[in-house]
Amino acid sequence: MFPFWRAILGYADRDDGPVDVLNDPQRRNPIVCFQQLDAPRPGQNRIHLAP
């Protein structure tokens with residue numbers, strides 16, 4: 001899912017943390033973080049946007 005959002009948003013990778021993070025290269029929009037869950041949850045894919 002990470003490569004999909006990178007392509008759609010036109011963001012760039014940011015490799016300075018324990019989670020996958022995308023940065024807006026023009027610094028106009030917020031960063032987007034991707035975190036893995038400890039256990040798989042079949043049928044419960046979710047997206048949560050937090051300010």
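Search the whole structure and you find one aromatic pair. The partners are F4 and W5, arranged edge-to-face, with 5.2 Å from centre to centre and 80 degrees between the planes. For this label, rings of Phe, Tyr and Trp (its six-membered ring) pair if their centres lie within 6.5 Å; planes under 30 degrees apart are called stacked, over 60 edge-to-face, and the rest tilted. F4 counts as partly exposed because its relative accessibility is 48%, and W5 falls in that class at 25%. The classes work like this: buried is under 20% relative accessible area, exposed is over 50%, and partly exposed is in between (1.4 Å probe, protein chains only).

A word on what you are looking at: this is a predicted model, where local features need pLDDT of at least 70 and side-chain atom pairs count only at pLDDT 80 or more, while totals for chains, interfaces and linings use all residues. Residues are numbered from 1 along each chain as its sequence is written, and side-chain values use heavy atoms, with hydrogens and water left out.

Now for the overall layout. The protein has one helix and three strands, and from the N terminus on they run α-β-β-β. Helices (H or I, at least four residues) and strands (E, at least two) are DSSP runs, numbered from the N terminus. Of the 51 residues in the protein, 14% are buried. Take the contacts with a separation of 6 or more: residues 24 or more positions apart account for 7% of them. Contact here means heavy atoms within 4.5 Å.

Back to F4, which also belongs to a nonpolar surface patch of about 290 Å², made together with I8 and L9. Patches are built from residues with over 30% relative accessible area and no salt bridge, joining like charges within 9 Å and nonpolar side chains (Val, Leu, Ile, Met, Phe, Trp, Tyr) within 5 Å. L9 lies in helix α1, which covers residues 2–9, and is partly exposed because its relative accessibility is 36%.

R6 sits in helix α1 too. Leaving out residues up to four places away in sequence, R6 touches Y11, D13 and L22. With D13, R6 forms a salt bridge, and the closest N and O atoms are 2.7 Å apart. That takes a side-chain nitrogen of Lys or Arg within 4 Å of a carboxyl oxygen of Asp or Glu, and the structure holds one such bridge. Side chains of opposite charge can pair when their charged atoms come close. Both ends are partly exposed: D13 has a relative accessible area of 40%, and R6 has 26%. R6 and D24 are 18 residues apart in sequence, with their C-alpha atoms 9.6 Å apart in space.

Over in strand β2 you find N23. At 17% relative accessibility, N23 counts as buried. Not counting residues up to four places away in sequence, N23 touches Y11, A12, R14 and I31.

Finally, look at R27, in the loop between β2 (20–23) and β3 (32–34). The phi of R27 is near 55 degrees, a positive value in a residue other than glycine. R27 is exposed, with a relative accessible area of 73%.

Methods: Areas by Shrake-Rupley, 256 points an atom, 1.4 Å probe, with all protein chains shown as cover.
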